[in-house]
Amino acid sequence: MKLHRKALAIWIALSALLFALALAVGPGQRSESVQEAMRDAVLHDVNRVSLFGLKDVNPGLISAFAVTAFLLLAAALIRVFVIPRFQMRPGKFQLILEEAVGVFDRMARASSPHRFSFLRAYIFAVGAFVFVGTLFELLGLQAVTIHGHPVTLPAPLSDVNAAIAAGTLSYLVILSGGLAGNGPKGILKTLKEFSLPISMSFRLFGALLSGLLVTELVYYYINLSFVLPVVVGVLFTLLHALIQTYVLTMLTALYYGEVSEPSHKKEKTEQS
């Protein structure tokens, strides 16, 4: 216990020292103002990256490709090398994998007990993309812009285009559930929620962008990036990864279950 207290005291003292040194250094040389840095974090109209020399794109698109490739490769490796070796007494990785699948399976069954096979597969896929994509920015991978400046690859969903794509795709999945469950009536029922893709898209974009902007501000004003930027960046990223994964998958499951529920079952339930 005394050893742990000493280690904690040393860590706190070292952190305070580094933080004090960071403040004492004074402002460093910046190639752009904070206003320009914040504006480009939202619009991505300055620090663009060349995509194999074919087209200049937002850094978020490169992040999306990298996250997608990682997830597909991980899924293939797990299916080929891990799943065939599952045991009755699971190990740690098997427990983690089964619990991750079980979370989305239970969510799909609870929200849409009458039609959940496709829903659980979709919310697992989109949840994995949102979670891994949000954590992706913690890697700090660099790319070179068309102007020759280094730029850190952001989370894919901090780009408004990616957030709109995720929200629209989820809405189309909900629409397909309404069509499969109730035919044209299900489509009309889904179309009544015309603001759903907009709210889902900008909820994702606003939440992830807020974390990105706060981190940008901290990195801009706390020189040498000691202690505080690391804590702020990690906490905001982990928090947003968990919250946005849960919110998007839960909303998709709830609306899917509502519009795909057969009308005759709903009428019997109301009568009873």
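Trainee: How many helices and strands does the secondary structure of the protein chain come to?

Mentor: One begins with the inventory of elements and then reads their order. In this predicted model, the protein chain has ten helices and four strands. Starting at the N terminus, the order is α-α-β-β-α-α-α-β-β-α-α-α-α-α.

Trainee: What share of the contacts in the protein chain with a separation of 6 or more comes from residues 24 or more positions apart?

Mentor: Residues 24 or more positions apart supply 68% of those contacts.

Trainee: What does the accessible surface of the protein chain come to, and how much of it belongs to carbon and sulfur atoms?

Mentor: The accessible surface is about 16500 Å², and carbon and sulfur atoms account for 70% of that area.

Trainee: Which residues form a nonpolar patch on the surface?

Mentor: The patch consists of Leu73, Leu77, Val80 and Phe81, which together have about 400 Å² of accessible area. Leu73 belongs to helix α3, residues 59–82. Because exposed means over 50% relative accessible area, Leu73 counts as exposed at 51%.

Trainee: Which residues of α6 are buried?

Mentor: The buried residues of α6 include Ala163, Ala166, Gly167, Ser170, Tyr171 and Val173. Further along, Ile174, Leu175, Gly177, Gly178 and Asn182 are also among them.

Trainee: What is found at the start of α6, and what just after α6?

Mentor: At the start of α6, Asp159 places a side-chain oxygen within 3.1 Å of the backbone nitrogen of Asn161. Just after α6, Gly183 adopts a positive phi of about 65°.

Trainee: How many salt bridges does the structure hold?

Mentor: There are three salt bridges. For each, one reads the N to O distance and then the accessibility of both partners. In one of them, the side chains of Arg106 and Glu99 meet at 3.0 Å, N to O. Arg106 is partly exposed at 47% relative accessibility, and Glu99 is partly exposed at 43%.

Trainee: Which residues are linked in a network of salt bridges?

Mentor: The network links Asp105, Arg109 and Arg120. The side chains of Arg109 and Asp105 meet in a salt bridge at 2.9 Å, N to O. Both residues lie in helix α4, residues 92–111, and are four residues apart, about one turn of the helix. Arg120 also forms a salt bridge with Asp105, with 2.8 Å between the closest N and O atoms. Since Arg120 lies in helix α5 (residues 117–136) and Asp105 in helix α4, this pair ties together parts that are 15 residues apart in sequence.

Trainee: Is Asp105 buried or exposed?

Mentor: Asp105 counts as buried, because its relative accessibility is 18% and buried means under 20%. Arg109 is partly exposed, with a relative accessible area of 40%, and Arg120 is partly exposed, with 30%.

Key:
Residues numbered from 1 in each chain as written. Predicted model: local features only at pLDDT ≥ 70, side-chain atom pairs only at ≥ 80, totals over all residues. Heavy atoms only, no water. Helix = DSSP H or I, 4+ residues; strand = E, 2+ residues; numbered from the N terminus. Contact = heavy atoms within 4.5 Å. Areas by Shrake-Rupley, 256 points an atom, 1.4 Å probe, with all protein chains shown as cover. Patch = residues over 30% accessible without salt bridge, like charges linked within 9 Å, V, L, I, M, F, W, Y side chains within 5 Å. Salt bridge = Lys/Arg side-chain N within 4 Å of Asp/Glu carboxyl O. Buried < 20%, exposed > 50% of the residue type's maximum accessible area, 1.4 Å probe, protein only. Polar contact = N/O pair within 3.5 Å; in protein donor to acceptor, adjacent residues only side chain to side chain.
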